Amino acid sequence: MSRFVDKLPFFDRRSSAMEEAEDIPRNGLLHMHHHHQQPHHSGVLMQPQPSSPTAATKQASFTLAQLLKRVNDARSDASSPTSSPTHSHYTIELGGSVPGSTASELSEHMHAGGGDGSLLPFVLRFTDLTYSVKQRKKGSGLPALPFPRGEALEPEVPRMKTLLDNISGEAREGEIMAVLGASGSGKSTLIDALANRIKKDSLHGSVTLNGESLDSNLLKVISAYVMQDDLLYPMLTVEETLMFAAEFRLPRSLPTKEKKKRVQALIDQLGLRNASNTIIGDEGHRGVSGGERRRVSIGVDIIHDPIVLFLDEPTSGLDSTSAFMVVKVLQHIAQSGSVVVMSIHQPSYRILSLLDRLLFLSRGQTVYYGPPSALPSFFFDFGKPIPDNENPTEFALDLIKELETMPDGAKDLVEHNKSWQKRMAPKMKHPDGHGEKPSLSLKEAISVSISRGKLVSGATDASTVALPSGESAPGAAVSKFANPFWIEMGVLTRRAFINTKRTPEIFVIRLAAVLITGFILATIFWRLDDSPKGVQERLGFFAIAMSTMFYTCSDALPVFLNERYIFLRETAYNAYRRSSYVLSHTIVGFPSLIVLSFAFALTTFFAVGLAGGVEGFFFFVAIVLASFWAGSGFATFLSGVVTNVMLGYPVVVSTLAYFLLFSGFFITRDRIPRYWIWFHYLSLVKYPYEAVMQNEFSDPTRCFVRGVQMFDNTPLAALPPALKVRVLSAMSTSLGVDIGTNTCITTGPDFLAQQAVTDLTKWDCLWITVAWGFLFRILFYIALLLGSRNKRR
């Protein structure tokens with residue numbers, strides 16, 4: 001490793017939240033970041049002595065840029081001679097330090113920007129955020145009704161409802177900013193606005209990080225969003241869940257051993273050591289507790305050590321102790337160098353002591369913004385002093401709820417907050433002695449964070465997101481995805497196979513359904529002969545068998561719907577590509593289709609007495625497999641379009657019924673009206689049905705109607721056999737053609753012509769069916785692209 005890399009400053013190791021709360025020992029990794037509110041260091045950072053703060057600040061930006069450039073060059077030099085410098089990818093393990101001039105210089109210039117000798121923080125500032133949505137009028141579409149005399153008309157509902165009304169504030173690195181308010185006050189909406197989950201043309205105002213607007217792709221890389229619901233795979237253990245998250249979010253250049261260390265350190269930090277080998281669980285499987293599940297959800301999103309962390313109600317549904325432990329974890333995440341913004345319903349005294357900034361909302365308006373310690377003086381000035389021994393947040397929420405019942409709502413409290421903010425502006429803007437603007441640009445700050453272990457994905461050459469440009473900032477980029485798509489696909493496939501292996505009942509039920517269906521068909525159509533009735537029975541068998549393949553595949557519909565929101569959460573912040581998910585989804589489901597195809601073919605082919613021998617059997621297996629492939633693709637595509645199983649099943653069942661209707665079984669192609677012929681060619685059942693028909697009837701030497709059999713299925717079938725022979729002899733005399741009792745009247749190709757199955761060969765039908773399967777999976781991918789934007793309109 002280059003001498004420049006060896007001389008990078010390293011920071012002291014911090015104990016985990018659970019270690020402080022429960023004295024749990026741990027081996028930390030990549031969690032040793034300095035909290036800017038702590039004045040003391042145990043590392044090599046020394047107190048700077050600049051001649052003047054202004055000069056030091058100006059000098060810091062330029063020198064830091066040069067230094068980071070030298071570090072990047074040194075990293076490139078340290079790579080192997082055969083590798084390109086642009087392909088370098090490093091992660092610095094924080095541990096002991098090696099003193100040197102480079103470390104001292106970097107430390108000095110990082111300290112020069114802060115008045116208290118701490119690291120320069122990230123500052124997430126939001127200004128005048130306003131967001132409105134359309135709402136339907138009450139009773140719209142109904143005729144006006146006459147009101148009785150003296151009865152007042154209902155006030156007209158406003159067309160637009162304001163969810164956020166000029167919300168401003170800031171959140172800093174090392175702090176937790178909590179958004180509070182009653183249900184419907186706009187807490188989750190504000191979190192979504194800060195996390196760029198609202199379309200820009202709908203949201204007014206600005207959100208900046210270190211004074212610079214955030215690009216959507218960059219925000220996805222440097223931030224994480226923890227949803228209110230715990231969206232986890234129930235059959236994976238805690239350790240497996242975090243390990244898969246590490247494989248998605250940590251780069252390929254980081255060895256598997258280091259990823260495992262990162263996961264073990266995170267398990268200790270989250271206090272999950274005793275539950276590490278327990279499955280997550282669901283309603284049908286006993287697993288971890290609610291508090292542990294919530295901490296796992298947080299761990300999944302912070303595995304790559306993001307700079308900004310958003311959380312929507314992380315303590316919802318937890319008991320007091322579990323909620324405190326969760327917020328204690330968030331405090332240490334903030335102290336490791338992150339900006340933490342969360343919404344919370346009603347914090348306890350202990351949780352309140354962990355929060356740094358509070359933002360109270362009432363119907364989308366700010367009624368208080370500031371530190372918890374200022375709540376008593378704020379409400380005292382308002383004329384509503386907080387009683388002794390009462391939780392300040394409970395008092396505030398109760399008062400806000402009471403004011404909201406008044407005609408003017410909380411208008412007086414909103415105006416009081418504005419005037420109070422003006423009086424307290426100096427203290428509110430500079431609680432830690434920092435200037436109005438951070439001394440480092442966003443690009444420089446992200447580079448420094450990467451150098452000290454944040455954003456473990458670091459900088460890479462593939463699919464990078466350029467950072468905002470600065471005059472003296474070093475050239476850097478943050479990877480949009482931590483791994484190439486084949487790595488993502490492998491991890492997704494392995495995870496899906498584990499889930500499938502631990503839920504064998506799903507495949508067993510599906511296999512049982514196919515075997516039972518095959519057994520019933522085999523016993524009903526047992527050993528069909530070559531008579532005209534046997535021909536008609538074969539047609540019925542083929543139609544039912546091929547349509548059954550598609551109906552059986554409808555169970556693929558809930559597969560994606562059950563994990564839809566997990567997929568949305570993971571792809572919202574670039575854990576993996578949607579294309580990787582589609583490919584892995586296809587790979588995992590294909591082996592089961594092969595087993596089902598052979599099971600159905602072995603059950604029915606020989607029992608029914610179908611033609612073709614060994615070659616015909618394997619073609620029958622192939623067309624059944626192609627039918628399963630196309631049917632599962634169709635159901636998968638629909639699962640990407642619909643959002644509910646109850647909506648999906650009627651669509652699948654009705655559509656497959658239409659496919660069977662236009663397949664050519666009930667009405668042949670030459671008899672279908674011209675205005676419906678397009679549906680005949682779109683029918684998924686048409687191609688497998690015609691393929692097995694040709695596989696059965698394509699042999700010209702095979703005869704299905706001989707002599708007097710031509711009278712079958714006609715009124716003449718009731719005649720005595722001797723009379724049928726005499727009629728046949730009379731026909732031969734009149735036609736001048738010798739037609740005996742063994743003369744072949746209709747061969748297989750003749751029958752195919754009668755059924756209008758002549759436009760495609762059986763191999764054409766096979767490949768078209770296979771193509772349908774690919775097409776539906778491409779459409780599924782497009783549906784995921786268009787339907788998983790995770791943004792409000």
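Mentor: The model is a predicted one, and I would begin with D530, which is placed in the loop between α18 (504-524) and α19 (532-552). Leaving aside residues up to four places away in sequence, D530 touches R538, R702, C703 and F704.

For a pairing of helices, turn to α17 (residues 485-501) and α22 (residues 578-608), which pack at an angle of about 40 degrees with their axes 8 Å apart. That angle makes α17 oblique to α22, and α17 passes α22 in a right-handed crossing. On the α17 side the contact is made by F485, E488, M489, L492, T493, A496, F497 and T500, which meet S580, Y581, L583, S584, I587, V588 and P591 of α22. Sorted by class, this contact holds ten nonpolar, four polar and one charged residues.

Finally, there is the largest nonpolar core, which has 63 residues, and those with the most contacts inside it are L309, L330, M342, L355, L358, F360 and F379. Helix α10 (residues 320-335) supplies the largest share of this core, namely eight residues. As for L309, its contacts, not counting residues up to four places away in sequence, are A224, V226, I302, L330, I333, V339, V340 and V341.

Definitions and conventions
Residues numbered from 1 in each chain as written. Predicted model: local features only at pLDDT ≥ 70, side-chain atom pairs only at ≥ 80, totals over all residues. Heavy atoms only, no water. Core = buried A, V, L, I, M, F, W, Y, C linked by side-chain atoms within 4.5 Å. Buried < 20%, exposed > 50% of the residue type's maximum accessible area, 1.4 Å probe, protein only. Helix = DSSP H or I, 4+ residues; strand = E, 2+ residues; numbered from the N terminus. Contact = heavy atoms within 4.5 Å. Axes fitted to C-alpha atoms, helices over the stretch in contact; angles between N-to-C directions. Parallel < 35°, antiparallel > 145°, perpendicular 65-115°, else oblique. Left-handed = near helix turned anticlockwise from the far one by under 90°. Nonpolar A, V, L, I, M, F, W, Y, C, P; charged D, E, K, R; others polar.
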